[in-house]
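I opened the notebook to record what I looked up in this structure. The entries follow in the order in which I made them.

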Amino acid sequence: YNWVQWDQGVKITDSAETGLSKWVHGYLVRDEPRLNGMLRNVMVTPSQLDEMLIQTLQGKSDAESACSWLKANPAIWASWLPFETQCAEGWGLVDALGG
């Protein structure tokens, strides 16, 4: 980001900040609250994202880059997973027999 160029209207470099957000379909929120909760917990730093992007520039697919990052960073993504007994409101726990 070159603020002098940006002030002059030359915007060939990236801005100081790029806002990223997560979007999911309403059906996912309704039908898969645990998955939606996990997706809401996903937090990736810019440097972690850069690691994955560099791998794609080196010829790896998006899936390969993401998989490689996940394998190398289980301590980071493990905190995104909901507890096995954590339920969304209205979604109780039952056993295989429904009890």
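I noted first that contact means heavy atoms within 4.5 Å. Helices (H or I, at least four residues) and strands (E, at least two) are DSSP runs, numbered from the N terminus. Buried means under 20% relative accessible area, exposed over 50% and partly exposed in between, with a 1.4 Å probe and protein chains only.

I also noted where the values come from. The model is predicted, so local features need pLDDT of at least 70 and side-chain atom pairs count only at pLDDT 80 or more, while totals for chains, interfaces and linings use all residues. Residues are numbered from 1 along each chain as its sequence is written, and side-chain values use heavy atoms, with hydrogens and water left out.

Entry on the whole chain. I found 6 helices and 0 strands in the protein chain. The protein chain has 99 residues, and 10% of them count as buried. I looked up the contacts between residues at least 6 apart in sequence, and 29% of these join residues at least 24 apart.

Entry on helix α4. I checked its length against the expected span, which is 1.5 Å times one less than the number of residues. The 12 residues of α4 should span 16 Å, and the end C-alpha atoms are 16 Å apart, so the two agree. Which residues of α4 are buried? They are Gln48, Met52 and Gln55. These residues cover an arc of only 55° around the axis, which means that they sit on the same side of α4; the arc is that of the directions from the helix axis to the C-beta atoms. On the other side of α4, I found Pro46 and Leu57 exposed. The cover over the buried residues of α4 includes α5 and α6. Just after α4, Gly59 has a positive phi of about 110°.

Entry on Gln55. Gln55 belongs to helix α4, residues 46-57. I list Gln55 as buried because its relative accessible area is 17%. With neighbours within four places in sequence left aside, Gln55 contacts Lys60, Glu64, Ser65 and Ser68.

Entry on aromatic rings. Rings of Phe, Tyr and Trp (its six-membered ring) pair if their centres lie within 6.5 Å; planes under 30 degrees apart count as stacked, over 60 as edge-to-face and the rest as tilted. I counted 1 aromatic pair by this rule. Trp69 and Trp80 form a stacked pair, 6.0 Å centre to centre with 15° between the planes. Trp69 lies in helix α5 (residues 62-72) and Trp80 in the segment after α6 (74-77), 11 residues apart. Trp69 counts as buried because its relative accessibility is 4%.
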